[in-house]
Amino acid sequence: MGKRSVVYVIAASVIIAIVAFALIYNMLFSQLILANKEKVSLYIPTGASYIQVIDTLKSKLKIPNLSLLEWVAEKKKYTEHIKPGRYLIEGKISYVGLINMLRSGNQKPVRITFNNIRSLNQVAGRIGNQIEADSADIVAFFSDESNYASDGFSKENVISLFIPDSYEIYWNTDAAGLYKRLLKEYRLFWNEDRLAKAKAENLNSFEVATLASIIDDEVVKKDEKPRIAGVYLNRLKRGIPLQACPTIKFALNDFTITRVLYKHLQVDSPYNTYKHNGFPPGPIGCPSKEGIDAVLNAEKHDFLFFAAKADFSGYHNFSRTLAE
């Protein structure tokens, strides 16, 4: 073979190699997996097998060449590195891009939201619908006081951890992870300024949360919360029972009561603030940020009593004495 022939063969081989490389590159990176919608969330449960993952991908995505996808997964050893979580596909993604995302665990958090919560069972049901941990797991975790006692919480006051808001959290979070995530937010919320204000009133954060939960249930008009907080603080300082109707509803576990009657006040419960001085054992619901800040910034006055106005406006009349 002459020199010219050798050059032709080499050139042809190079061209073939380039074309082959271009075809392979096109298949792996340019040929896209089309999502059925503009955005698709893939949920990979904890402990999922490779077959389960493939079934999920087939049900959520349009995959032109499943064999190619599985070949990429095997080459990148994804079958040995399956990571649970919520993965977001936006529009299109390549075979390599999809496997890289799943293998790296590059998941997107979900946003959990809760408010108007009265019990741990209720909050567990609300959050359990938004993350992998179900409501039973969450209730079981918070039923065991040893899981959080070292952080100062008790069964009676741990609900104060759940400050109503929206939080970003990874979908595959378990009950213990949920607690750690909310504890971090709780400590950020209870900053030095809020702790100093609580101390100035000779209160701790749990007492503030308890009073806030009562005010949240008692008050319709947000602008009245600081004034009513002032009433309750005045009563506490004078050793007068709080006599808060929402605590009676909580003690009876009956929130359908629209008017608290004398017979209701006979309930034998530490939450009966007509019979017992001071604070009840803990919050009667998740205290709102507004309620907490109303207590910490309570209005200074001499009022000890309040009653709903007769005009059904939702506002109250305030007085210094029962005679008034």
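The structure is a predicted model, in which local features need pLDDT of at least 70 and side-chain atom pairs count only at pLDDT 80 or more, while totals for chains, interfaces and linings use all residues. Residues are numbered from 1 along each chain as its sequence is written, and side-chain values use heavy atoms, with hydrogens and water left out.

The chain has a mean pLDDT (the predictor's confidence in each residue, from 0 to 100) of 89, and 89% of its residues reach 70 or more. Residues 11-23 are another story: pLDDT stays under 50 there, and the model gives them 0 contacts beyond four places in sequence. Contact here means heavy atoms within 4.5 Å. Where pLDDT is low, the predicted coordinates should not be read in detail.

Now for the charges. A salt bridge is a side-chain nitrogen of Lys or Arg within 4 Å of a carboxyl oxygen of Asp or Glu, and the whole structure holds 15 of them. One of these joins aspartate 151 to arginine 187, with the closest N and O atoms 3.1 Å apart. That pair links distant parts of the chain, as aspartate 151 sits in the loop between α6 (135-143) and β5 (165-169) and arginine 187 sits 36 residues away in helix α7. Helices (H or I, at least four residues) and strands (E, at least two) are DSSP runs, numbered from the N terminus.

Glutamate 185 and arginine 181 also pair up, at 2.5 Å between the closest N and O atoms. Both lie in helix α7, 4 residues apart, or about one turn of the helix. An α-helix has 3.6 residues a turn, so residues three or four places apart point the same way.

Lysine 225 meets aspartate 216 in another salt bridge (2.8 Å, N to O), and the two belong to a network that links Asp216, Lys222, Lys225 and Glu290. Lysine 225 is buried at 7% relative accessible area, whereas aspartate 216 is partly exposed at 21%. Buried means under 20% relative accessible area, exposed over 50%, and partly exposed in between (1.4 Å probe, protein chains only).

Arginine 86, in strand β3 (residues 85-94), is buried yet has no salt bridge, and the nearest side chain of opposite charge, glutamate 168, is 8.0 Å away. For charge, Lys and Arg count as positive and Asp and Glu as negative, with His and the chain ends not counted. A polar atom of the arginine 86 side chain does lie 3.0 Å from the backbone oxygen of proline 109.

Key
A polar contact is a pair of N or O atoms within 3.5 Å; within protein, one must be able to donate a hydrogen and the other to accept it, and residues adjacent in sequence count only if both atoms are side-chain atoms.
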